[in-house]
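Reader: I have a model open and would like to learn how to read its features one by one. Please give the general idea each time, then the case.

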Amino acid sequence: MSALLEARHLKKYFSTAKGTLHAVDDVTFSLDAGKTLGVVGESGCGKSTLGRVLIHLLKPTGGQIFFEGEDITNLKKAELKKNRVNMQMIFQDPFSSINPRMTISSIIGEPLRVHKIYKSKEDYRHAVEELMDTVGLAKRLENVYPHELDGGRRQRVGIARALALNPKFIVCDEPVSALDVSIQAQVLNLMQDLQEARGLSYMFITHDLSVVRHISDEICVMYLGTVVEKAEAKTLFTSHRHPYTHALLSAIPQPKVKKDTQRIILKGELTSPINPGPGCRFAPRCIHATKECFERAPELQEVEPNHFLACHHPE
């Protein structure tokens, strides 16, 4: 099966007063239709920047993006508008990502107006009502404003807006991190139901490893702008190979801590993402690092079927 979305050596750099910030550096992956790719890592590792680059909220510095086999890296304004129909985003903060001066029905229907999907007002109104019903928003809420809703309902508004154009791919940028735990479960179940019904593909960005295990088919682990490990979700949790992945998984909260539970506390200096050196960026914090790790950056290679690792010492 050919990939719906593919990134090849994708890069995004920012110029700062101290030098060039490597937010996303040489990221390569592919995502099949109807699947979910989880992206995890510490805050500041480039997860959200990667998602924004993929849907052209940020222009890539280098590399290529392919959607359904077509190169969409450098689209013109008119082409980009057409591409928006297929690629959408659900943002982390459900309040700051929607216009507080617009009613709920206007927010959900805005993509339909911008792309002129419906000619008659009746068809437009019916489409908005159907979207509200799909995400579990009562019809009585159509004329209320965002500040009148709780966080869970506001995020449902964001999901409905992302679904309005019937996209094929959605970047989910920590869509449940700002919600209560009970509401998180409802929103996650909703997203999985929508994926099954509409054949959606997700990039699910999160720092919550319990959530990403529940929803993802494959998982990418990012560290300071680079992918250090990528594998199927089950494989990553049972047969992970990278020391950073091992440290992340050891930090997952457990309802009942066992006596033999070992938490890995990373020590050492964090490598600066501004003008980083030639070596592995995790080397200063890695207990297995050798001279080679500080001199040459490892390439992401397939160590087992569909299991990729960027490490000089995969054993």
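Predicted model: local features only at pLDDT ≥ 70, side-chain atom pairs only at ≥ 80, totals over all residues.

Reader: Which domains does the assignment give?

Author: Domain bounds come from an automatic or database domain assignment. Here that assignment gives domain 1 as 5-86 + 167-309 and domain 2 as 102-166. Their C-alpha centres are 30 Å apart. Domain 1 puts 16 residues into the contact and domain 2 puts in 14 residues, where contact means heavy atoms within 4.5 Å.

Reader: How is the interface between them described, and how much area is buried?

Author: The size of an interface is often given as the accessible area lost when the parts come together. Buried area is taken with a 1.4 Å probe and summed over both parts. For domain 1 and domain 2 the value is about 1300 Å², with 67% of it on carbon and sulfur atoms. On the domain 1 side, Pro167, Leu190 and Arg198 lose the most area to domain 2, and together they make up 37% of what that side buries.

Reader: How many salt bridges and polar contacts are counted between the two domains?

Author: Side chains of opposite charge can pair when their charged atoms come close. A salt bridge is a side-chain nitrogen of Lys or Arg within 4 Å of a carboxyl oxygen of Asp or Glu. Between domain 1 and domain 2 the count of salt bridges is zero. Two residue pairs are in polar contact there, both at pLDDT 80 or more. A polar contact is a pair of N or O atoms within 3.5 Å; within protein, one must be able to donate a hydrogen and the other to accept it, and residues adjacent in sequence count only if both atoms are side-chain atoms.

Reader: Which element gives the largest share of the domain 1 side?

Author: Helix H6 (residues 181-198) does, with seven residues. Helices (H or I, at least four residues) are DSSP runs, numbered from the N terminus. By residue type, the domain 1 side that touches domain 2 has 11 nonpolar residues, one polar and four charged. In that count Ala, Val, Leu, Ile, Met, Phe, Trp, Tyr, Cys and Pro are nonpolar, Asp, Glu, Lys and Arg are charged, and the others, Gly among them, are polar.

Reader: Is leucine 190 buried or exposed?

Author: Buried means under 20% relative accessible area, exposed over 50%, and partly exposed in between (1.4 Å probe, protein chains only). Leucine 190, in helix H6, counts as buried because its relative accessibility is 11%. Leaving out residues up to four places away in sequence, leucine 190 touches Thr134, Val135, Arg156 and Ile159.

Reader: Which residues of helix H3 are buried, and what do they pack against?

Author: In helix H3 (residues 104-114) the buried residues are Ile104, Ser105, Ile107, Ile108, Gly109, Pro111 and Leu112. They pack against H4 and H5. Serine 105 has a relative accessible area of 15%, so it is buried. Beyond its neighbours within four places in sequence, serine 105 is in contact with Tyr124, Val128, Glu142 and Asn143. After H3 comes lysine 116, whose phi is positive, near 55°.

Reader: What does alanine 127 touch?

Author: Alanine 127 belongs to helix H4 (residues 121-134) and is buried, at 10% relative accessible area. Apart from neighbours within four places in sequence, alanine 127 is in contact with Leu112 and Tyr118.

Reader: How many salt bridges does the whole structure have, and which partners does lysine 139 have?

Author: A search of the whole structure finds 13 salt bridges. Lysine 139 pairs with glutamate 129, the closest N and O atoms being 3.7 Å apart. Lysine 139 is in the loop between H4 and helix H5 (151-163), and glutamate 129 is in helix H4, 10 residues apart. Glutamate 142 also forms a salt bridge with lysine 139, at 3.5 Å between the closest N and O atoms. Glutamate 129 is partly exposed at 26% relative accessible area, whereas glutamate 142 is buried at 18%.

Reader: Which residue does aspartate 150 pair with?

Author: Aspartate 150 meets arginine 153 in a salt bridge (3.1 Å, N to O). Aspartate 150 is partly exposed at 38% relative accessible area, and arginine 153 is partly exposed at 33%. Elsewhere, salt bridges that share partners join Glu129, Lys139 and Glu142 into one network.

Definitions and conventions:
Residues numbered from 1 in each chain as written. Heavy atoms only, no water. Buried area = accessible area lost by both parts, 1.4 Å probe. Helix = DSSP H or I, 4+ residues; strand = E, 2+ residues; numbered from the N terminus.
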